[in-house]
Amino acid sequence: MSAKPPFYITTAIAYPNGVPHMGHAYEAIATDCIARFKRLDGYDVRFLTGTDEHGIKMLQTAQKAGITAPELLARNVPRFEAMVEAFNLSIDDFIRTTQERHHASSQAIWEKMAANGDIYKSTYAGWYSVRDEAYYAEDETQLNEQGVRLGPQGTPVEWVEEESYFFRLSAYQDRLLAYYAENPGFIMPEARRNEVVSFVSGGLTDLSISRTTFDWGIPVPGDDKHIMYVWVDALTNYITALGYPDTQADLFKRFWPADVHVIGKDIIRFHAVYWPAFLWSAGLEAPKRVFGHGFLFNRGEKMSKSVGNVIDPFDLAATYGVDAIRYFFLREVSFGQDGSYSHEAIVARMNADLANDLGNLAQRSLSMIAKNLDGVVPQPGPLSPEDEAILALADGMLEKSREAMEGQAIHHYLAAVWNVVAEANRYFAAQAPWALRKTDPARMATVLWVTAELIREVGILVQPVMPESAARLLDLVVVPADERGFDRLGAGHRLPAGRVLPAPVGVFPRYVEPETAS
RNA sequence: GGCAGCGUAGCUCAGUUGGUGAGAGCGCCGGAUUCAUAACCCGGAGGUCGGCGGUUCAAAUCCGCCCGCUGCUACCA
């Protein structure tokens, strides 16, 4: 067992009735960045992702394709698993809700909730929308011209009357409101919290949590006619992966409650209302934070199959490079807000920030060390006020980054780092070491040492966003593998003189438009 | 309909509790430079801070109304 503080972070589990789109990759990338940041900052991190494989939609999609649900999963789930490699996700576990461990866990939490008196059997009658996975009151629906009844979201609904188990959600209203009040950071960003508070304040009704109309799911303990509502099943994944129902398991004791569930803004309610209630009912603690990120738009348009602008994340990574894609989405999009992307925006970002600012800085400074100092890190002379100032600015990056990442403001963390990169370029231009070469070689050496040290610090700090490229950057200044943690930042661990550096090679290539045949 | 939020340079956005002449990045124009990935550096043009009215010595920043947009939620039908 580690002395490091624990940090448990999860993505939502993806619904694999289709293949991954950029939205899935985005959530995974952002969560991975947070996980890596915490790991480098000295935390014992547990990072979970996975797939949500039950439910009627899975059955229907399979049916449409003329195959079974397991066959559909066999086709799609590997694509989600492939994202782990393709996007360099540093996960510790990949959970699939069809796994045996998850059946046991889901049934166990159900039994706990039942034993607590929060589950009762009744009948449910109403209009159900498969697509929305929600029931609607009759007056929430209407008939269209074709005589098809539609729900408020414009999706078809069907009359369902079935015996159902209910969860006493209404009993948790006060406790939820108290929890939101006492933990202002529970729901992030803040705008989402306001919505949830207003929703819960408006009154909670009990929740139908079982179905008898199909069987692709986990059976209710002691009543096989019923299978669990997908959200009871899905949410439970977060504790299954820690060994639940064995609450004495090492993982469970160490990592529950979760520090952050990173999810899309569309499923905030399930995570911020239902999930804490389920957990309390089962005698467990609620997670510490639920962060709802925004949606991605292709050139400002929502991605949809009918518009034909759904982007394959694997294609993007192949075209621009994994790290460039990771950087683009994490830097360009305010985490928590919706974001937009386009070829032009991606190219502009990667060329300006990565190739021109950071890559070129490394190249111009390290090549001077190679050509003028035989590739050996020089011993710096007395530091000038300019040297001290830029080093101090770099030393301040960690605190700013931490502060930003406390609130998952990934874009602020990156802005802080690139502010230093911009200043470093100004510093380099102002000091003009190429001119000092003839007038004051000792001073040139000092400037080059300072710049190399800046590259070391920036390299360490950008590892969470661009693990591969940052590693190559750090290789250029020969930072040993065990000296790449955030504890190595700052004045206490400056780049030592005497290191022999390899010949500098470009880490961040410019994106050049391929020649178009005309 | 209710609640919450937003509308600031061509684009994306910053602008603590009202007070140095309204900012950043990208883009554009000009200059400088050659260490470097046609990169970096310097300078410049560009805005009625959605509109109207009000409070104040002073408002992008507070209040009211209006217009437009977004989210949550309700209801009519």
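**Salt bridges and a helix pair**

Guide: In this predicted model, Asp387 has a relative accessible area of 0% and is buried.

Visitor: With which residue does Asp387 form a salt bridge, and in which helix does that residue lie?

Guide: The closest N and O atoms of the pair are 2.7 Å apart, and the partner of Asp387 is Arg443. Arg443 is also buried, since its relative accessible area of 15% falls under 20%. Asp387 belongs to helix α14 (residues 385–395), so the bridge ties together parts that are 56 residues apart in sequence, and Arg443 lies in helix α18 (residues 441–461).

Visitor: How many salt bridges does a search of the whole structure find?

Guide: The pair Asp387 and Arg443 is a salt bridge, and Arg96 with Glu53 is another salt bridge, with closest N and O atoms 2.6 Å apart. Searching the whole structure gives a count of 25.

Visitor: About how many helical turns separate Arg456 and Glu453?

Guide: Arg456 forms a salt bridge with Glu453, the closest N and O atoms being 2.8 Å apart. Arg456 is buried at 3% relative accessible area, and Glu453 is buried at 0%. Both residues lie in helix α18, three residues apart, so the separation is about one helical turn.

Visitor: Which residues are linked with Arg456 and Glu453 in a network of salt bridges?

Guide: Arg456 and Glu453 pair directly with each other. The network that holds them also includes Asp395, Glu457 and Arg494.

Visitor: Is helix α15 roughly parallel or roughly antiparallel to helix α16?

Guide: Helix α15 (residues 397–406) and helix α16 (residues 410–431) have axes 7 Å apart and pack at an angle of about 165 degrees. Angles over 145 degrees belong to one class, so α15 is roughly antiparallel to α16.

Visitor: How many residues of the contact of α15 with α16 are nonpolar?

Guide: The crossing of α15 past α16 is right-handed. On α15 the contact is made by Met397, Lys400, Ser401, Ala404 and Met405, and on α16 by Ile410, His412, Tyr413, Ala416, Val417 and Val420. One of the contact residues is charged, two are polar, and the nonpolar ones number eight.

Technical notes: Residues numbered from 1 in each chain as written. Chains lettered and ligands numbered in written order. Predicted model: local features only at pLDDT ≥ 70, side-chain atom pairs only at ≥ 80, totals over all residues. Heavy atoms only, no water. Salt bridge = Lys/Arg side-chain N within 4 Å of Asp/Glu carboxyl O. Helix = DSSP H or I, 4+ residues; strand = E, 2+ residues; numbered from the N terminus. Buried < 20%, exposed > 50% of the residue type's maximum accessible area, 1.4 Å probe, protein only. Axes fitted to C-alpha atoms, helices over the stretch in contact; angles between N-to-C directions. Parallel < 35°, antiparallel > 145°, perpendicular 65-115°, else oblique. Left-handed = near helix turned anticlockwise from the far one by under 90°. Contact = heavy atoms within 4.5 Å. Nonpolar A, V, L, I, M, F, W, Y, C, P; charged D, E, K, R; others polar.
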